[in-house]
Amino acid sequence: MKSLICTSADDNCLKKEDLYRALVDAFTDGIVMQHEDGTVFDCNGVAEHILECPKEAMADMVALLRYRKTMKSDGTAFDEAEYPMVIAGASLQPVSNVMMGMTRLDGRFCWLEVSASPIMVNRGKDFIGVVTFLREITERKEAEEALEKRHHELEKGIFKRTAQLEFTLGQLKLAVSASNTGLWNWNLRTDQFYFSPEWKRQIGYADHEIGDTMDELVSRIHVDDRERAVTATESYLEAPKESLEIEYRMRHRDGGFRWILSRSMAMLDENDKAIFLQGSHVDITERKQSEENLLALTRELRDVSRELARVEEAERRRFAQELHDTIGSALAALSINMTIMSGEIAGEGSTGMEARLKDSIVLLDDTTDAVRRLMAELRPPVLDDYGLEAALRWQCELFAERCGFQFTVDVYGIADRLEPELEISLFRIAQGAITNIAKHARATNVEVMLNILQNSVTLTIMDDGVGFVPNVHRDQKSKPTWGLVSMRERAQALGGNLKIISEPHKGTCVEVVVELSS
């Protein structure tokens, strides 16, 4: 703000009243005019409103401000020598934008922005007074203070959040390190890679020994896994989903290979295009070795189970043959002899002996039938002679006669005979299922279906009996029945899968699916 100077050489060229009116017309702030001795000779209405003092009572501006207990923005009181109008009058230099706080008559505290300028005449040679400009800035000051407070609170919040993030990051790094998880990322826009020290340690290298390039990754993937891994990654980037998971082998520094589980997730831009790929590497070599050992053991157990089934069937066949050749023949010969004896002793006086002999012949015939049934169960000749369908019908007829249920046997697909081992195993599974139906189901209808396709065989046995809850036993001490265990083991020995579907009062379905080798 420049000093107000009258440019006329005549002292009477501009009266004080005219100067004041010119200032009032030019400014909308509060304006107070003072003589060189500091007394107020005029002011505008805005100044009267701000200072809450009429023009007639506004004799001494300094005394009025002192009465209102003005203070600085730092909370300290103003000395009279520090008032803008005093400084402007003493230095003959303008003073601008001094912040002054004061208490209004109603007790409300307000803030003023005060500027003062000396009034000079005769081309700046003579000082005749001071003009003071007042502007109330309470709302602005409060807004600034609120903004500053908010800014301070934000700074505190940011500081606190930063500390929390740093702590969390430290915990995350510790967790990642403890879990032996290697981290990596790929900026697709700049084609820049990053591999964490743990990622490099998993394949035997220190952090400084491997660069952060695509070739460092791809060149170490096993040649048999490389194309699959690259193709899977490219396909994922073309249409990103939730995440990508790949298992592959990576060459270790010692020349061996480690199995790695790689999980990654893409970050997308506004067009759903992948721009960043981040992921993790976990060494799963031990898990893979355990899985391979378990698979090898499973194969061995399957081979053992198959061999046991083969040996069992061979023993059944041998035992049935022994029964036929020895006991069967002996019983037949004994029956013939007893029939001859019965004819020879017929006559008077031998009635009691003849009756006993006839009763023994009947008992012998029943024993012979029982032995024949036992031989048939050990190795049903109908299976060897006529195939699986005929054997299934014979088995159902045998149990239906004993238990009184109705049955159907349906065969679909190829009419050729199956491999003997497969036929006998499927028959034994069906025999076990039908035996369980006879013992527990209280069924009235049983359906047996055999579907023989080019590449698979499906055997299904269904009943309308009482049913049960699979895999739940009657009490905690009970064990699974050997019938179900034997059926499942036979199916697994064939490389097949046995499934049991049942609900209480809704019957049971046993299904066996075996894949056929081409």
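A residue is called buried when its relative accessible area is under 20%, exposed when over 50%, and partly exposed in between, using a 1.4 Å probe and protein chains only. With that in hand, welcome to this structure, which is a predicted model: local features need pLDDT of at least 70, side-chain atom pairs count only at pLDDT 80 or more, and totals for chains, interfaces and linings use all residues. Residues are numbered from 1 along each chain as its sequence is written, and side-chain values use heavy atoms, with hydrogens and water left out.

**The chain as a whole**

- The protein chain has 14 helices and 16 strands; these are DSSP runs numbered from the N terminus, with helices (H or I) of at least four residues and strands (E) of at least two.
- Of its 518 residues, 35% count as buried.
- The accessible surface of the protein chain comes to about 31,900 Å², and 53% of that belongs to carbon and sulfur atoms; such areas come from the Shrake-Rupley method with a 1.4 Å probe, and for residues only the protein chains shown count as cover.
- Among contacts (heavy atoms within 4.5 Å) with a separation of 6 or more, 54% are between residues 24 or more positions apart.

**Salt bridges**

- A salt bridge here is a side-chain nitrogen of Lys or Arg within 4 Å of a carboxyl oxygen of Asp or Glu, and by this rule the count comes to 29.
- One of them joins the side chains of Asp-42 and Lys-55, at 3.3 Å from N to O. This pair links distant parts of the chain, 13 residues apart: Asp-42 sits in strand E3 (residues 40-43), and Lys-55 in the loop between helix H2 (45-51) and helix H3 (61-67).
- Asp-42 counts as buried because its relative accessibility is 9%, whereas Lys-55 is partly exposed at 31%.
- Arg-66 and Glu-80 also meet through their side chains in a salt bridge, at 2.2 Å from N to O. Arg-66 lies in helix H3 and Glu-80 in the loop between H3 and helix H4 (84-91), so this pair ties together parts 14 residues apart in sequence.
- Arg-66 is partly exposed, with a relative accessible area of 44%, and Glu-80 is partly exposed too, at 37%.
- A further salt bridge brings together the side chains of Glu-423 and Arg-417, at 2.8 Å from N to O. Glu-423 is buried, with a relative accessible area of 3%, while Arg-417 is partly exposed at 46%.
- Asp-29, Glu-113, Arg-135, Arg-140 and Glu-144 are linked in a network of salt bridges.

**A charged patch on the surface**

- Glu-139, Glu-142, Glu-145 and Glu-148 gather on the surface in a patch of negative charge.
- Patches are made of residues with over 30% relative accessible area and no salt bridge; like charges are joined within 9 Å, and nonpolar side chains (Val, Leu, Ile, Met, Phe, Trp, Tyr) within 5 Å.
- Lys and Arg count as positive and Asp and Glu as negative, with His and the chain ends not counted; the place of a charge is taken as NZ of Lys, CZ of Arg, CG of Asp or CD of Glu.
- Glu-148 is located in helix H5 (residues 138-178) and is exposed, with a relative accessible area of 57%.

- Thr-458 belongs to strand E14 (residues 456-463) and is buried, with a relative accessible area of 18%.
- Leaving aside residues up to four places away in sequence, Thr-458 touches Met-449, Leu-450, Asn-451, Glu-511, Val-512 and Val-513.
- Leu-364, found in helix H10 (residues 351-378), is buried at 7% relative accessible area.
- Leu-364 and Ser-335 are 29 residues apart along the chain, and their C-alpha atoms are separated by 6.7 Å.

**Loop residues to look at**

- Gly-256 lies in the loop between strand E9 (244-251) and strand E10 (257-268) and counts as partly exposed at 25% relative accessibility.
- Gly-256 touches Met-250 and Arg-251, not counting residues up to four places away in sequence.
- Most residues other than glycine have a negative phi. Asp-272, however, has a positive phi near 60 degrees; Asp-272 is in the loop between E10 and strand E11 (274-283) and counts as exposed at 55% relative accessibility.
- Arg-442 has a positive phi as well, near 55 degrees. Arg-442 lies in the loop between helix H13 (420-441) and strand E13 (445-452) and is exposed, with a relative accessible area of 67%.
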